[in-house]
Amino acid sequence: MKFFSDQQLCYADFLPPSEVRARIEVAVLRFLKILNSSNPAISQLPLIHRKSSNTLVSQGLLSDDSWIFLSHLFCKRSLMRANAAKAFVRVWKVMGLCLQILVQGKRVTQRELFYKLLCDSPSYFSSQLQVNRTIQDVVALLQCSRFSLGIMASSRGVVAGRLLLQEPDQEVIDCSTCGSSGYAISGDLNLLDKLNMNTDARYVIVVEKHAIFHRLAEDRLFNQIPSILITAKGYPDIATRFLLHRITRAFPDLPILALVDWNPAGLGILCTFKFGSIGMGLEAYRYACNVKWLGLRAEDLKLIPEESLIPLKPRDFQIAKSLMSSEILQENHKEELMLMIEGGKRAEIESLFVHGYDYLGKYIAQKIVQARYI
């Protein structure tokens, strides 16, 4: 394992609006200074490179915690290169809009930002993906978080079970009484950061699918197994990851167990919770949690009828290839992934319902009692 100093690690800070405005203004002044010099030129924008070649994995010496960091390799956005000219202009347009948002003391979602840019600059912004990538460019340039730029996370996540939440100056919310739909996680990271939390849970169970979460919450699994249930309804959004990370900071002794489909996408979701993601750029590390893989796993296939196994799709193989090439994937996870590839099949959590609708809770309880998670 490679060891490295903190100086090699690059990350985005949570900053007050005044500091972010100052960084934007400095970037503009530097640009204007070069334009007004005796040898005027269009400067390039040095951005932290958001590729796997620029990642480092930080490993805790006294724990199993690991997370992805970006190092100090740079890429550039230049107005003088045809293939980068539009990306260069996009950075300035998004920065300008973020400055307006900060001055007004507002917050917007990435979707709201897209429609504003689509109306104002349709020749530069034609898709949400372009906006999302440009936001990450601005994060890389200013080295501050999206939330610090006034951009609020859109949240799909919900939480249920033995968790008490209290916003400042508000009544306590008991997540065990929120019904099978759970308590909707706010996209306001500042609000999530200020939540007062209390729990008597012994486990946190991260559930890949909303339908499975709904079943477990309806069955009140958290009364049988003192637990907190949380789902992002698929690949995790920032707000759900942020809340999970806050729970782990507040209650560091609570094991976090993931219940995902036995397929490459399920493992990808687990790894995003566990390590962060390169696509998150400089913010990747901030939401990483030490998540263990409860199920489904290869040892569980004996519980599933052969006819319930589904052939892997081309997309599954693409995800598997990406995961296999990653340095972060631990050995026992690689072994599970190899079994998926070699067998060419995947299994969904719902296939356990062949044993009855109440079987899933028994399955989870047995695996937890026997500590069968990795």
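**Surface patch and salt bridges**

Modeller: Happy to! Val28, Leu29, Leu32 and Leu35 make a nonpolar surface patch of about 310 Å². Patches are made of residues with over 30% relative accessible area and no salt bridge, with like charges joined within 9 Å and nonpolar side chains (Val, Leu, Ile, Met, Phe, Trp, Tyr) within 5 Å. Accessible areas come from the Shrake-Rupley method with a 1.4 Å probe, and for residues only the protein chains shown count as cover. This is a predicted model, where local features need pLDDT of at least 70 and side-chain atom pairs count only at pLDDT 80 or more, while totals for chains, interfaces and linings use all residues. Residues are numbered from 1 along each chain as its sequence is written, and side-chain values use heavy atoms, leaving out hydrogens and water.

Biologist: Which helix is valine 28 found in?

Modeller: Valine 28 counts as partly exposed, because its relative accessibility is 31% (buried is under 20%, exposed over 50%, partly exposed in between, with a 1.4 Å probe and protein chains only). Helices here are DSSP runs of H or I with at least four residues, strands are runs of E with at least two, and both are numbered from the N terminus. The helix that holds valine 28 spans residues 17–35 and is α1.

Biologist: How far apart are N and O in the salt bridge of glutamate 19 and arginine 23?

Modeller: A salt bridge is a side-chain nitrogen of Lys or Arg within 4 Å of a carboxyl oxygen of Asp or Glu. Glutamate 19 and arginine 23 are separated by about one helical turn because they are four residues apart in helix α1. Their side chains meet in a salt bridge with an N to O distance of 3.2 Å.

Biologist: Which residue forms a salt bridge with arginine 162?

Modeller: The closest N and O atoms of this pair are 3.0 Å apart, and the partner of arginine 162 is aspartate 200. Arginine 162 lies in the loop between β7 (158–161) and β8 (164–166) and its partner in the loop between β11 (196–198) and β12 (203–207), so the pair ties together parts 38 residues apart in sequence.
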